[in-house]
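Trainee: Before we discuss this protein, could we look at the sequence and the model together?

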Amino acid sequence: MDGLPETAPVEPEKTGAGTVAADPTVADAVVADVAELVGASDPAAAPDVAAELAAVAKASPAAAELRIVGKARPHESAEKHVQGSATYIDDIAEPHGTLHIAPGGSPAALGRILAVDLSAVEAAPGVVAVLTHADVPGRNDCSASPLGPEPVFAEDRVEFHDQVVFAVVATTRDAARRAARLARIEIEAERPFVDVDEALLADQDLMPAYEFRRGHPEMTIAGAARMVEGTFRLGGQEHFYLEPQIALASPREGGEMHVFSSTQGPSEVQHIVARVLGVPDAAVVAEVRRMGGGFGGKESQASQWAAIAAVAAVKTGRPCKVRLDRDADFTMTGKRHDFRFGYKVGFSEDGVIDAVDTELAGRCGFSPDLSLPVNDRAMFHTDNAYYYPHARIHSRRLKTNTVSNTAFRGFGGPQGMVLAERMLDAVAYSLGLDPFDVRMRNLYGEGRDITPYGMKVDDDSLPKLMTQLAKTADYAGRRAAISEFNASSRILKKGLALTPVKFGISFTLTHMNQAGALVHVYSDGSITVNHGGTEMGQGLYVKVAQVVAEEFGVDFERVRVTSTVTDKVPNTAPTAASSGTDLNGAAARVAARAIKNRIAAYLAKSQGIDPATVTFHDNRVTAGAKSLPFAEVARTAYMNRISLSSTGHYRTPRISWDRPKVRGRPFFYFSCGAACSEVTIDTMTGEMVVDRVDILHDVGNSINPAIDIGQIEGGFVQGMGWLTTEELVFDADGRLRTHAPSTYKIPTASDVPADFNVALFDGGGNREETIYRSKAVGEPPLMLAISVWCAIANAIATIRPGRVPDLDAPATPEAIMRAVKAQRQG
């Protein structure tokens with residue numbers, strides 16, 4: 001439980017931007033401020049002020065119409081992106097004397113290091129220093145996990161191909177890269193365990209297995225009217241962010257270090273750099289203004305590169321920068337976890353599931369990194385949107401001699417959902433039923449609303465949402481037309497699938513569900529906000545700015561969001577788990593309301609009115625009969641020594657998770673949606689085209705519909721790439737063979753469906769007390785693309801009705817042809 005209360009420090013969303021917010025956590029903090037304003041040394045000496053503040057805290061006036069929140073606005077850096085003027089780390093003017101770093105990796109995937117000859121490297125032109133583990137002043141550990149260390153530089157052994165053994169520091173990046181190739185590393189090579197199958201045979205468990213169990217699944221399956229079972233494989237995914245891993249470290253006076261890092265977790269970078277340097281966290285400042293993409297790949301894995309830059313800066317006394325090229329970023333950084341799944345399902349003759357028994361075997365790589373929570377979340381989402389009366393969900397986390405897999409958009413949830421949808425398809429095809437009908441029959445509902453891990457599903461929107469989408473997408477009409485087409489087409493086959501998404505929102509590590517913010521109102525009425533969230537293109541900054549502008553009742557242009565930096569807002573969670581706006585938007589609102597309440601209390605006293613009647617709207621503040629420009633009010637408050645700066649803190653309410661006891665409420669709420677996809681496959685070549693996609697997604701009360709729709713579209717296409725074209729291939733020696741755009745195929749503009757329809761579901765807003773009753777949108781849309789994979793399987797199923805297609809993912813042309821061949825052979 002981590003001692004967290006059951007209620008949030010932010011009041012339910014009952015007031016609009018035009019009113020003073022009712023927030024008792026702010027009221028307590030303001031008592032002393034206002035007591036000082038009226039000349040009392042003790043807040044108790046000003047009972048009238050305390051009474052006024054109590055009234056503010058309890059007031060719930062009618063909501064004013066929102067002016068900024070809920071309106072479509074472009075990304076706050078959109079113009080800069082188009083102009084090429086948005087500053088990323090490699091665009092920052094390099095400090096005088098900046099040196100450049102190139103890492104050197106292991107030539108083998110597993111073995112003991114016999115010798116490392118770096119003499120030629122040190123003698124190369126432009127080389128200033130060469131780093132190894134011996135140069136680390138603190139701990140040689142860049143792991144984000146308490147389960148085991150992950151060396152910055154390999155010491156006695158290597159455990160994956162291209163693991164960092166040394167780093168070259170040179171006057172230019174080109175000189176560093178050329179010098180790195182001159183190293184001679186001798187490894188006493190051992191046979192590596194590369195894939196899941198090898199690890200399973202050798203019992204190479206990286207951490208203990210884990211299981212959810214409800215009821216008597218084995219016995220229920222044995223006694224069920226029907227049973228289906230199977231296995232399949234699901235591949236990983238490269239993040240392929242446009243900006244590769246990069247860090248710029250600059251030594252400061254007193255042994256301090258400033259690090260620009262392209263990271264989703266500045267506090268994590270701060271902590272790990274401090275650990276590696278052997279200094280307190282306070283001696284390190286981590287900063288990021290924006291990333292050129294992250295997708296989870298910069299949640300934990302940015303820290304190693306920041307640490308290497310910092311070690312170089314300490315050794316040379318000069319600023320040092322490291323930027324990986326695309327090949328090195330592929331081979332040296334983690335991917336989405338790939339899995340081998342096994343399942344047994346017992347069900348009735350009409351397709352209602354009685355029990356499931358599942359095996360999830362995940363490839364974690366050589367170290368724990370974030371594999372424990374990723375694999376846990378895969379388990380949490382093995383139900384997706386479906387009720388399993390009896391269930392066994394068993395997970396093994398396997399050690400392989402490959403780069404340590406890590407977070408990726410969805411954080412294990414997509415993998416669990418793919419297993420769920422395969423099981424629902426298997427039930428449908430074995431019965432000769434339409435998969436959509438089977439899905440609808442198994443959705444959570446009244447009396448069928450407890451997950452395998454014991455959490456009640458309060459969100460009942462999916463039946464309505466899926467029914468609405470089936471109607472607007474003309475599912476029934478298109479199903480009939482596709483059946484007619486397939487009956488007369490021998491080579492080309494069409495498939496159609498409508499699949500749901502139910503994605504849990506919150507970090508499952510409870511203490512990470514908190515955020516801080518710092519808001520300043522300047523005497524001219526301009527505003528800055530700093531918070532712990534990071535901007536990676538997803539639109540967090542613009543949403544937080546909208547929240548703050550709405551709270552003060554001013555135009556959006558008055559608010560500026562500044563770089564995320566650890567010496568302004570400390571101890572922040574990474575921007576992940578789709579919680580960026582939920583957490584940081586709420587924290588910024590707490591800070592803004594604190595300032596508003598101070599201003600309101602001051603104006604109310606001067607006018608002899610109730611502070612609750614002071615309103616902020618249309619760039620003005622109205623107190624009684626007076627209505628003044630916001631800038632004038634800010635100036636007056638400053639002249640009267642009213643603090644116009646405040647921190648804000650928010651922690652998600654009502655969540656807890658006791659992992660050893662497998663009990664609790666790990667998620668604050670669920671984000672839901674559905675997608676209907678139609679595809680055509682060529683059964684002679686395995687080629688596939690997505691003909692049409694219809695999406696209906698619930699974002700609650702959208703803070704910014706333009707940003708949300710963009711996230712839905714982008715997430716869907718990224719998920720489609722994962723499930724259809726993006727294939728990671730390791731050879732038997734553990735080398736990644738697909739490490740560039742020439743061999744690893746991400747979706748391009750031509751892969752986006754020509755008929756692509758996205759709509760936001762009107763579900764009346766989030767039932768939970770989130771920021772403006774919105775819902776998270778970062779990760780859930782990626783899982784909508786499972787409908788494409790299911791549509792491909794649907795097309796293959798028509799070749800031999802009654803048989804479950806043996807389709808792996810990604811459904812590349814080769815995978816489609818294997819499934820087509822198996823379907824024909826029966």
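Mentor: Accessible areas here come from the Shrake-Rupley method with a 1.4 Å probe, and for residues only the protein chains shown count as cover. This is a predicted model, in which local features need pLDDT of at least 70, side-chain atom pairs count only at pLDDT 80 or more, and totals for chains, interfaces and linings use all residues. Residues are numbered from 1 along each chain as its sequence is written, and side-chain values use heavy atoms, with hydrogens and water left out.

Trainee: What share of the accessible surface of the protein chain belongs to carbon and sulfur atoms?

Mentor: The accessible surface of the protein chain comes to about 29800 Å². Of that area, the part belonging to carbon and sulfur atoms is 51%.

Trainee: How many of the residues of helix H11 are buried?

Mentor: Buried means under 20% relative accessible area, exposed over 50%, and partly exposed in between (1.4 Å probe, protein chains only). Helices (H or I, at least four residues) and strands (E, at least two) are DSSP runs, numbered from the N terminus. Among the buried residues of H11 are Ser371, Arg377 and Phe380. Helix H11 (residues 371-380) is largely enclosed by the rest of the structure, because the number of its 10 residues that are buried is 8.

Trainee: Is Met684 buried or exposed?

Mentor: Met684 is found in the loop between strand S27 (669-682) and strand S28 (688-697). Because its relative accessibility is 53%, Met684 counts as exposed.

Trainee: What percentage of the 826 residues of the protein chain count as buried?

Mentor: The protein chain has 21 helices and 29 strands, and its C-alpha trace spans about 90 × 70 × 50 Å along its principal axes. Of its 826 residues, the share that count as buried is 62%.
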